[in-house]
Structures are given as C-alpha cells and as structure tokens.
Amino acid sequence: MIKTGKVIEAMIEYYGSDLRRINHFLKVFSFAKTIGEAEGLDADSQNLLEVTAIVHDIGIKISEQKYNSSAGRYQELEGPAQAEILLTNLGYEKSFIEKVCYIVGHHHTYNNIDSLPYQILVEADFLVNLYEDGAGAQTVKNSYDRIFRTATGKKLLKKMYFSK
Ligand SMILES: [Fe+2]
C-alpha cells in the first residue's frame, strides 16, 4: 500500500505556496481519518477515504485559473482529471483512482451519497468549513440535521460547536 504521506507531499507540491489550501486539506484529512477509524471502516475503505480527503479540493486551482471561481461545481468538474494525473504518477491502480475521482467529482453534492467513505469525506469537509467560514449557530445546526449521518461525525460536531 502506498503511504498517504506521499500523497500529502504531492499535494503540497501541487498547491505550492497556497498555504490556506494546504492547511485545509490537512485538517479534512485528520477528521476523515479519525471518523473512518472510529466507524470501523475496513482497510481498503479507510485508505480510499484518506487519499480522497487529501486530494478532494484539487480542482480548485484549475477552477480559479479557468473560471476565476472556486465554486463547488467547477471543482467537481475539474478535480477528477487532476486527481487522476497525481495518483497515477504515484503508482495507484486505475480501479482505486476511479473510486477517488468519483468522490472528488461529487463532494459538493449531498443528495445522493452512496458510500461510507463519501459520507465521511463530506462530514470532515463540513467540520473544517464551518470553522473556516465562521458559520453561525443556525448554519451549524442545519448542517448537523441535513448532512451528518455517522455517529462519530455527529459526536465531533456536537463537541466542537454545541458544547460551551
Ligand atoms: Fe474542502
């Protein structure tokens, strides 16, 4: 199995001096790893989750260059091709890359989440974005009700945002 640290290094290389993006994916990776382990994912699903968390926003760079926008739909459009190049260069298998790319291409779409790694990635991204966006109490509550499904994700969100 290729070490996830290699993917982290490759993403830092990809983002260069974009420290905000680097710090963002490192946080999402940590939450995703934590939730995945606590939810008892098998080794393959855990690996898929961790790699996906590291590369999930890879489409941002091209979206900003091409459309002058980091909107979710552009990221979903541009991300998979970038992820495919990066992961192929690291030696990942095609079938694995396809699974990563599917989630990368849908990670801002919340109405048809069809796997646990996908669900957990979305929860991890929310845990970070709520903080980075300075979300208010009502937004946090709505996210809890509408997005969070796993017991661990819900527990973490409650601890971080609802406990005084
Ligand atoms: Fe993100």
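Predicted model: local features only at pLDDT ≥ 70, side-chain atom pairs only at ≥ 80, totals over all residues.
Figure 1. With a relative accessible area of 0%, Gly 153 is buried. Leaving out residues up to four places away in sequence, Gly 153 touches Ile 35, Glu 123 and Phe 148. The C-alpha atoms of Gly 153 and Phe 31 are 8.6 Å apart in space, although 122 residues separate the two in sequence.

**Figure 2. The two sides of helix α9.** Thr 152, Gly 153, Leu 156 and Leu 157 are the buried residues of α9. They cover an arc of only 130° around the axis, and therefore lie on the same side of α9. The cover over these buried residues includes α2, α7 and α8. Ala 151, Lys 155 and Lys 159, on the other side of α9, are exposed. The length of the helix can also be checked: at 1.5 Å a residue, the twelve residues of α9 should span 16 Å, and the 15 Å between its end C-alpha atoms agrees with this.

**Figure 3. The site of the iron ion.** Four residues coordinate the iron ion, namely His 24 and His 56 through NE2, and Asp 57 and Asp 125 through OD, at 2.2 to 2.3 Å. Along the chain, these donors follow the spacing H-x31-H-D-x67-D. Helix α2 holds His 24, whereas Asp 57 lies in the loop between α3 and α4 (59-67), so the pair ties together parts that are 33 residues apart in sequence. Both His 24 and Asp 57 are buried. The angles among the four donor atoms run from 85 to 171°, and the site is irregular.

**Figure 4. The surroundings of Asp 57.** Asp 57 is placed in the loop between α3 and α4. Its relative accessibility is 7%, so Asp 57 counts as buried. Not counting residues up to four places away in sequence, Asp 57 touches Tyr 15, His 24, Gln 75, His 107 and His 108. Among these contacts, His 24 is also a ligand of the iron ion, as is Asp 57. Val 128 stands 71 residues from Asp 57 in sequence, and the two are 13 Å apart in space, C-alpha to C-alpha.

**Figure 5. The largest nonpolar core and the contacts of Val 55.** This core has 47 residues, of which Val 7, Met 11, Ile 54, Val 55, Leu 86, Leu 87 and Val 100 touch the most other members. At least two core residues come from each of α1 (4-15), α2 (19-38), α3 (43-55), α5 (72-90), α6 (94-104), α7 (116-132), α8 (137-146) and α9 (151-162). The most is given by α7, with nine residues. When its neighbours within four places in sequence are left aside, Val 55 is in contact with Val 7, Met 11, Ala 83, Leu 86, Leu 87, Val 100 and Val 104.

**Figure 6. Asn 68 in the loop between α4 and α5.** The loop between α4 and α5 contains Asn 68. Phi of Asn 68 is near 55°, which is a positive value in a residue other than glycine. Asn 68 has 72% relative accessibility and therefore counts as exposed, the cut-off for exposed being over 50%.

Note on methods: Residues numbered from 1 in each chain as written. Heavy atoms only, no water. Core = buried A, V, L, I, M, F, W, Y, C linked by side-chain atoms within 4.5 Å. Buried < 20%, exposed > 50% of the residue type's maximum accessible area, 1.4 Å probe, protein only. Helix = DSSP H or I, 4+ residues; strand = E, 2+ residues; numbered from the N terminus. Contact = heavy atoms within 4.5 Å. Donors = N, O, S within 2.8 Å, 3.2 Å for Na, K, Ca; no water. Tetrahedral: all angles 85-135°; square planar, octahedral: opposite > 155°, others 65-115°. Expected span 1.5 Å × (residues − 1). Arc of directions from axis to C-beta.
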